[in-house]
Amino acid sequence: MPKRSPEEIWRQLVLEAGEDEIERAANVSVAQAERELAEAGFDIAAERATAEALLRDLESAATPLRRPR
Amino acid sequence: MFWIPAIALLAIAAFVGTDRLGRPMTDEEKRHFGALLREHDYPGARLVALRFAYTLARGRAGAHDLMGRADLRLIRLGWDPGEIPLVKRLCRLVWSEATHAAGETDKARRAEEGFLRELEATEGLSAQSIEQQAIERHAHNEAHTHATRQIEKLREVFEKAGDEVNLFWLKCSLEAEADKVPSLRQMAAGSGRDVTEFYAAAKRRNRAVRRLLAEERGLNYEEEEDS
């Protein structure tokens with residue numbers, strides 16, 4: 001079995017280093033995320049529409065996938 | 001018999017991703033994955049992940065780019081709701097993309113090529129040309145060089161700090177065979193140190209990595225030393 005590549009080791013290091021930050025980010029409520037994104041100038045309705053489009057593409061199945069924005 | 005439908009239910013409760021499938025999704029898999037994402041409020045979870053992307057990218061365009069790549073990774077790498085909530089899965093993918101930690105295998109690349117062919121059919125996007133493949137190979141080589149350089153910087157940090165535990169961790173990590181990477185407990189036993197020293201070292205190591213990542217992004221890194 002070969003040794004792990006530097007990329008694999010660095011990837012592991014980066015993911016471990018980010019766990020706390022990821023945990024904090026994931027614990028934000030959807031309402032808070034919407035509020036902060038709106039304050040930053042994001043169009044929340046458009047963001048939701050993008051997500052819905054992906055879901056519709058998947059659920060209608062026979063239609064090939066659209067690239068998520 | 002109850003266990004047969006239960007096993008069947010488990011089998012469809014997760015989506016393994018096109019990397020492991022080694023091909024694009026079938027229509028049935030798409031429908032199943034779509035229903036799974038909807039059941040777990042993908043639009044809401046995506047907003048939380050987009051907020052995270054915005055904090056990392058520090059700009060709307062960068063956040064959209066990060067989120068788009070994380071969405072693509074979700075399809076490629078899949079998701080098991082029994083293992084991790086969707087919102088955390090998305091945030092982790094955003095972090096991976098922001099830090100260029102998301103790696104890919106040749107099999108994964110082939111699966112993505114299948115996905116790109118689907119895009120070509122609907123969106124008029126070009127499947128990868130030979131030139132594009134050459135660019136990707138170059139990117140792969142750059143990733144190798146970058147990782148090697150970052151690990152060397154990390155070693156320098158540990159050497160400068162006289163952090164022998166982390167130097168030992170690094171040595172073990174670099175020398176171990178891929179399927180025999182020792183646990184912290186095994187490293188502790190091998191070094192004759194207490195395992196708690198390795199837990200403390202992991203915190204220092206994480207801080208050092210975050211500092212290197214911040215430097216890469218041109219940011220100041222300030223964090224309290226707590227061990």
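The model is predicted, so local features need pLDDT of at least 70 and side-chain atom pairs count only at pLDDT 80 or more, while totals for chains, interfaces and linings use all residues. Residues are numbered from 1 along each chain as its sequence is written, chains are lettered from A in the order in which they are written, and side-chain values use heavy atoms, with hydrogens and water left out.

Start by showing both chains: 52 residues of chain A are in contact with 70 residues of chain B (contact means heavy atoms within 4.5 Å).

Now zoom in on A:Glu36 and B:Arg51, whose side chains form a salt bridge at 2.7 Å, N to O (a side-chain nitrogen of Lys or Arg within 4 Å of a carboxyl oxygen of Asp or Glu). The count between the two chains is seven salt bridges.

Next, select helices H1 (6-26), H2 (30-39) and H3 (44-60) of chain A; each supplies at least two residues of the side that touches chain B (helices are DSSP runs of H or I, at least four residues, numbered from the N terminus). H1(A) gives the most, with 18 residues.

What does A:Trp10 touch? Select it and look for B:His146, B:Ala147, B:Gln150, B:Ile151, B:Val209, B:Leu212 and B:Leu213, not counting residues up to four places away in sequence.

Finish with the largest nonpolar core, which has 65 residues (buried Ala, Val, Leu, Ile, Met, Phe, Trp, Tyr and Cys joined through side-chain atoms within 4.5 Å; buried means under 20% relative accessible area, 1.4 Å probe, protein chains only). A:Trp10, B:Phe33, B:Leu37, B:Tyr42 and B:Val94 touch the most other members. Helix H4 (residues 42-57) of chain B gives the most to this core, with nine residues.

Methods:
Buried < 20%, exposed > 50% of the residue type's maximum accessible area, 1.4 Å probe, protein only.
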